[in-house]
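Have the sequence and the 3D view open as you read.

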Amino acid sequence: MGSIDFATFVLSVASAAMMGLGLAPRPDSGKQEVDLELARQNIDLLEMIQGKTKNNLTADEEKLLERVLYEVRTKFLEVSKK
């Protein structure tokens, strides 16, 4: 098993958020189910990571985190309005 870098970690948390939004299948059931609490927890985790790593990331890592946060926040708003 290879080592996990920052990008892999961020994408893993983002995938969990997307799973909570019903946009990715759950590994236990294979079903896509909306769980806004799970999504919110993972978005909060990404926001915490952003705050704790401020001024300590490469430009690429910072862009990735910003892009991922924008995407999951946008999807959260779309799903929560349904």
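What follows is a walk through the helices of this chain and the contacts between them.

## The overall layout

Keep in mind that this is a predicted model. The chain has three helices and zero strands, so read from the N terminus its elements go α-α-α. Along its principal axes, the C-alpha trace spans about 35 × 35 × 15 Å.

## H1 against H2

Start with helix H1, which covers residues 6-20. The axes of H1 and H2 come within 6 Å and cross at roughly 155°. An angle over 145 degrees counts as roughly antiparallel, and that makes H1 roughly antiparallel to H2. The crossing of this pair is left-handed.

Who does the touching? On the H1 side you'll find Phe 6, Phe 9, Val 10, Val 13, Ala 14, Ala 16, Ala 17, Met 19 and Gly 20. H2 answers with Leu 36, Leu 38, Ala 39, Asn 42, Ile 43, Leu 45, Leu 46 and Ile 49. Sort the residues of this contact by type and you get 15 nonpolar, two polar and no charged.

## H2 against H3

Next up are helix H2 (residues 36-52) and helix H3 (residues 59-80), which pack at an angle of about 155° with their axes 10 Å apart. H2 and H3 are therefore roughly antiparallel to each other. H2 passes H3 in a left-handed crossing.

From H2, the contact takes in Leu 36, Ala 39, Arg 40, Ile 43, Leu 46, Glu 47, Ile 49 and Gln 50. Across from them in H3 are Leu 65, Glu 66, Val 68, Leu 69, Val 72, Arg 73, Phe 76, Val 79 and Ser 80.

## H1 against H3

How do H1 and H3 lie relative to each other, parallel or antiparallel? Their axes come within 10 Å and cross at roughly 0°. Angles under 35 degrees count as roughly parallel, and H1 and H3 are therefore roughly parallel to each other.

In this contact, Phe 6, Ala 7, Val 10, Leu 11, Ala 14, Ala 17 and Met 18 of H1 meet Glu 61, Leu 64, Leu 65, Val 68, Glu 71, Val 72 and Lys 75 of H3. By type, these residues come to eleven nonpolar, no polar and three charged.

## A closer look at the rings

Which residue lies over the face of Phe 76? That's Arg 40, at 5.3 Å from the ring centre. Both residues belong to the contact of H2 with H3. As for rings pairing up with each other, the count comes to zero aromatic pairs, taking a pair to need ring centres within 6.5 Å.

Note on methods: Residues numbered from 1 in each chain as written. Predicted model: local features only at pLDDT ≥ 70, side-chain atom pairs only at ≥ 80, totals over all residues. Heavy atoms only, no water. Axes fitted to C-alpha atoms, helices over the stretch in contact; angles between N-to-C directions. Helix = DSSP H or I, 4+ residues; strand = E, 2+ residues; numbered from the N terminus. Parallel < 35°, antiparallel > 145°, perpendicular 65-115°, else oblique. Left-handed = near helix turned anticlockwise from the far one by under 90°. Contact = heavy atoms within 4.5 Å. Phe/Tyr/Trp six-rings, centres within 6.5 Å; stacked < 30°, edge-to-face > 60°. Lys NZ or Arg CZ within 6 Å of the ring centre and 35° of its normal. Nonpolar A, V, L, I, M, F, W, Y, C, P; charged D, E, K, R; others polar.
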